[in-house]
Amino acid sequence: NKLKFIDIHNLTKISKSELRKTMLSLVKANILFKKTKGMECKDNEEFKLNGKYENRLRRVKVNQIQIVETKQELIKTSHKIFKDRQYQIDACVVRVMKARKQLFHQQLMAECLKQLKFDAQPRQIKK
């Protein structure tokens, strides 16, 4: 009647991060019980089926929970976004300079900021 997280992972072969989200969603919907309180899920966490769970609907919709990104993941994501945007900034600078041939730095910055689809900072264009 009780299963550990690692056993469920071994039986289903679902990635641990995806399985964590799913299991915590089922706990939040009161379909499963978790041994410890809180929204953390370790490998040795035990889950138990809620035998008293009732719902008048034939199909139950369980919302997937959002797991908060850690600081390291957030930094990694922002670095990747900056890298992708840098190519767009470079292409914009080349486009503007090919069209105008000669341009003062301030005019180039203004034109690039106007053409880019995202809110770029002037220091990003300087790089």
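This is a predicted model: local features need pLDDT of at least 70, side-chain atom pairs count only at pLDDT 80 or more; totals for chains, interfaces and linings use all residues.

Biologist: Is asparagine 50 buried or exposed?

Modeller: A residue is called buried when its relative accessible area is under 20%. Asparagine 50 has a relative accessible area of 13%, so it is buried. A polar atom of its side chain lies 3.1 Å from the backbone nitrogen of lysine 52.

Biologist: With which residues is asparagine 50 in contact, leaving aside its neighbours within four places in sequence?

Modeller: Asparagine 50 then has contacts with Asn30, Ile31, Leu32 and Phe33.

Biologist: In what order do the strands of the open sheet stand?

Modeller: The open sheet has 3 strands in the order S1-S3-S2, and their pairing is antiparallel. Strand S1 (2-4) and strand S2 (32-34) are at the edges with a single partner strand each, so one side of each has no neighbour in the sheet. On average, neighbouring strands of this sheet are turned by 30 degrees against each other, direction ignored.

Biologist: Over how many bridges do S2 and S3 pair?

Modeller: S2 pairs with strand S3 (residues 46-49) over 3 bridges, in the antiparallel sense. Leucine 32 has leucine 49 in S3 as its bridge partner.

Biologist: Which strands does helix H1 touch where it packs on the sheet?

Modeller: Helix H1 (residues 5-12) touches S1 and S3, and its direction makes about 80 degrees with that of S1. Helix H2 (residues 16-28) also packs on the sheet. H2 touches S2 and S3, and its direction makes about 105 degrees with that of S2.

Biologist: Which residues make up the largest nonpolar core?

Modeller: In soluble globular proteins, nonpolar side chains tend to be buried together. Here the largest nonpolar core has 10 residues: Phe5, Ile8, Leu19, Met23, Leu24, Val27, Leu32, Cys41, Phe47 and Ile65. H1 and H2 are the elements that give two or more residues to this core, and H2 gives the most, with 4 residues. If residues up to four places away in sequence are not counted, valine 27 touches Leu32, Lys34 and Phe47. Apart from this core lies another, of 8 residues, including Cys92, Leu108, Cys112 and Leu116.

Biologist: Which residues of helix H4 are buried?

Modeller: In H4 (residues 105-115), the buried residues are Leu108, Met109, Glu111 and Cys112. Viewed down the axis of H4, they fall within an arc of 165 degrees, and therefore they line one face of the helix. Exposed Gln106 and Lys114 are carried on the face of H4 turned away from the buried side.

Biologist: Why does lysine 28 count as exposed?

Modeller: The word exposed applies over 50% relative accessible area. Lysine 28, which belongs to helix H2, has 60% relative accessibility and therefore counts as exposed. From C-alpha to C-alpha, lysine 28 and lysine 61 are 12 Å apart in space, while 33 residues apart in sequence.

Biologist: Where is lysine 117 found?

Modeller: Lysine 117 is in the loop between H4 and helix H5 (122-126). Its relative accessibility is 87%, so lysine 117 counts as exposed. The C-alpha atoms of lysine 117 and glutamine 88 are separated by 9.3 Å, although these residues are 29 residues apart along the chain.

Notes: Residues are numbered from 1 along each chain as its sequence is written. Side-chain values use heavy atoms; hydrogens and water are left out. Buried means under 20% relative accessible area, exposed over 50%, partly exposed in between (1.4 Å probe, protein chains only). The arc is that of the directions from the helix axis to the C-beta atoms. Two strands pair if DSSP finds at least two bridges between them. Axes are lines fitted to C-alpha atoms, for helices over the stretch in contact, and angles run from 0 to 180 degrees between N-to-C directions. Contact means heavy atoms within 4.5 Å. A polar contact is a pair of N or O atoms within 3.5 Å; within protein, one must be able to donate a hydrogen and the other to accept it, and residues adjacent in sequence count only if both atoms are side-chain atoms. A nonpolar core is a set of buried Ala, Val, Leu, Ile, Met, Phe, Trp, Tyr and Cys residues joined through side-chain atoms within 4.5 Å.
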